[in-house]
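Thanks for coming. I will go through one structure today, helices to begin with, then cores, then aromatic rings.

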Amino acid sequence: MDEYSPDAFVNRDEPIPSIILDGSTPARSQTPGTPASQGAEHADTETPSRRKGLRGHFSAFKEKAKIQDLLVERLLAQVMPLDDAAIPQDESPNKGGPGVARPNFNLTTMSNNFRRFNARIGVVFVFQARVIRLLSWRRPTHTLSFLAIYTFVCLDPYLLPLLPLAILLISVLIPSFVARHPAAEVSSSSNLSNSSEQAIGYSPQGPPLAPALTVKPVKELSRDFFRNMRDLQNGMEDFSQLHDGVITLVVPRTNFSDEALSSSLFVALFAACLFMSIAANVLPWRLIFLALGWAATCSGHPAIQRQLETAHRKHVVPQEEKARGWVESWVSSDIILDSAPETREVEIFELQRLSGAGEWEPWLFSASPYDPLSPGRIAGDRPVGTRFFEDVMPPQGWEWSEKKWALDLWSREWVEERIITGVEIETEGERWVYDIFDEQAATDKVGVVEQPIPVKGKEKEKGKAPLLKPSWEEGEDAESRRGDWRRRRWVRLVKRRNISSAEAGS
């Protein structure tokens, strides 16, 4: 097993720390009591010894590939079913643009991609380890230098676009040039040569003496490969802990499971939005970000951390219950919630048709009044509905609030609201609304045709026109003028029903 890969980014310092929040349980390994270093050494012992000759090299390569596949497959076997038929596959067509592939899950592809990913993820862990060292004051001079740069950027935000250019110049280009033009090696053979070489110093002149720096992935099954796996393991645990911590802290307060608490939070955030919309332009944002950055960086100092833990234990914890009780009392006294569910009125129209014997026979219950000028009536479609009252169901997401249907006694109102014409309204009795007999429809003419009324000479000279009759009539007689359909309106109250967890999940 290779001990060191000089051309790869690998975190060779302390492992990435694993965060353990209050009330959380750290992940347990499959073999407790076996440290990661022992696992790496054990992997060293399992690495096949190289044989001499071309055949030996080829055999060693095949054995090494088998070990890699076995290792990754054992990792995936812990979370994936063994049967390929049990793995769900997406049958949707590939909608990506040119050069974009969206393959379905495949265990071999997953194994290969994981090995390639783990061999190249070291740069992320190196950056994470350096940030941790910077913020934990391992080298105070580095942390103070960072705070000085942060102060300049806060006081003059126009320097922010300069920051990535300076980082590229100082952290990438200059080290790459120094690697191509290295300084002379200092020899410790004699004091004379040592002193002379120190006097010469570094000079960038002359042609390049060393090869250029390149970044390569770590070798598989090397010690650096297992270092990346170690940090990847700890990183996944950190993400899981942070995810569960955020879910535990935020979701119960924002998902209205406790509606009073979530409503109070909504009111507070709305007030904060109003305040920020008015006062955002007068707040000293430079000083605010400067103070917050210094406070966050100084809180990482070990001495200050001990002071903060002591202050939290002595002053914050005893007052925490009192503050929580004050918030709960304010929520219970000032937040008023609706106790009764929302109710609405639904309607259904009872349709009856005149039979050939001259009797009205029940037809069906429909959501539409099926008036003479309705689109379905003009198109010649039959009314849609159900034959019995018991088959009428409430709208989706609602349930009945009353036991029975009630007849709407104000038939004129719903006729006028819908601007229904060509009907006769029954104002007493059973409140039926009849079609007016249409002679033009009887002669197979579709629609409403109004005959022009001749104007007499005197009225024509005076510029007066006769008053038009209303398009609907009221009465109980005139049976001979009624059409083939009549309807009346029934109403009933519904209320919102509670949605179960299974329905909400679907």
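**Helices, cores and rings**

In helix α9, the buried residues are A260, S262, S263, S264 and A279. Before going on, please keep in mind that this is a predicted model. Helix α9 covers residues 259–279, which makes 21 residues. From first C-alpha to last, α9 reaches 30 Å, close to the 30 Å expected at 1.5 Å a residue. As for what covers the buried residues of α9, that includes α8 (223–254) and α11 (302–334).

Now to helix α5, residues 140–155. Helix α5 has 16 residues, and its span from first C-alpha to last is 22 Å, close to the expected 22 Å. Which residues of α5 are buried? They are T143, L147, T151, V153 and C154. Looking down the axis of α5, these buried residues fall within an arc of 165°, so they line one face of the helix. On the other side of α5, T141 and F152 are exposed. The cover over the buried residues of α5 includes α4 (122–135) and α10 (285–298).

T151 lies in α5. Why does T151 count as buried? Its relative accessible area is 19%, and buried means under 20%, so T151 falls on the buried side of the cut-off. If we leave aside neighbours within four places in sequence, T151 is in contact with L290 and W294.

Next, the nonpolar cores. The largest one has 12 residues. Its members are F349, L351, W363, L364, Y370, W414, V415, I420, V423, I425, V433 and W485. Which elements each supply at least two residues of this core? They are β1 (343–354), β2 (360–366), α13 (411–417) and β6 (423–425). Another core, of 8 residues, lies apart from the largest one. V346, I348, V392 and V494 are among the residues of that other core.

On to the aromatic rings. A pair of rings is described by the distance of the centres and the angle of the planes. The count here comes to 11 aromatic pairs. I will show two of them.

The charged end of R486 sits over the ring of W432, at 3.9 Å from the ring centre. The charged end of R496 sits over the ring of W398, and there the distance to the ring centre is 5.2 Å.

To go back over one item: in α5 the buried residues line one face, and T141 and F152 on the other side are exposed. That is what I have for today.

Methods
Residues numbered from 1 in each chain as written. Predicted model: local features only at pLDDT ≥ 70, side-chain atom pairs only at ≥ 80, totals over all residues. Heavy atoms only, no water. Helix = DSSP H or I, 4+ residues; strand = E, 2+ residues; numbered from the N terminus. Expected span 1.5 Å × (residues − 1). Buried < 20%, exposed > 50% of the residue type's maximum accessible area, 1.4 Å probe, protein only. Arc of directions from axis to C-beta. Contact = heavy atoms within 4.5 Å. Core = buried A, V, L, I, M, F, W, Y, C linked by side-chain atoms within 4.5 Å. Phe/Tyr/Trp six-rings, centres within 6.5 Å; stacked < 30°, edge-to-face > 60°. Lys NZ or Arg CZ within 6 Å of the ring centre and 35° of its normal.
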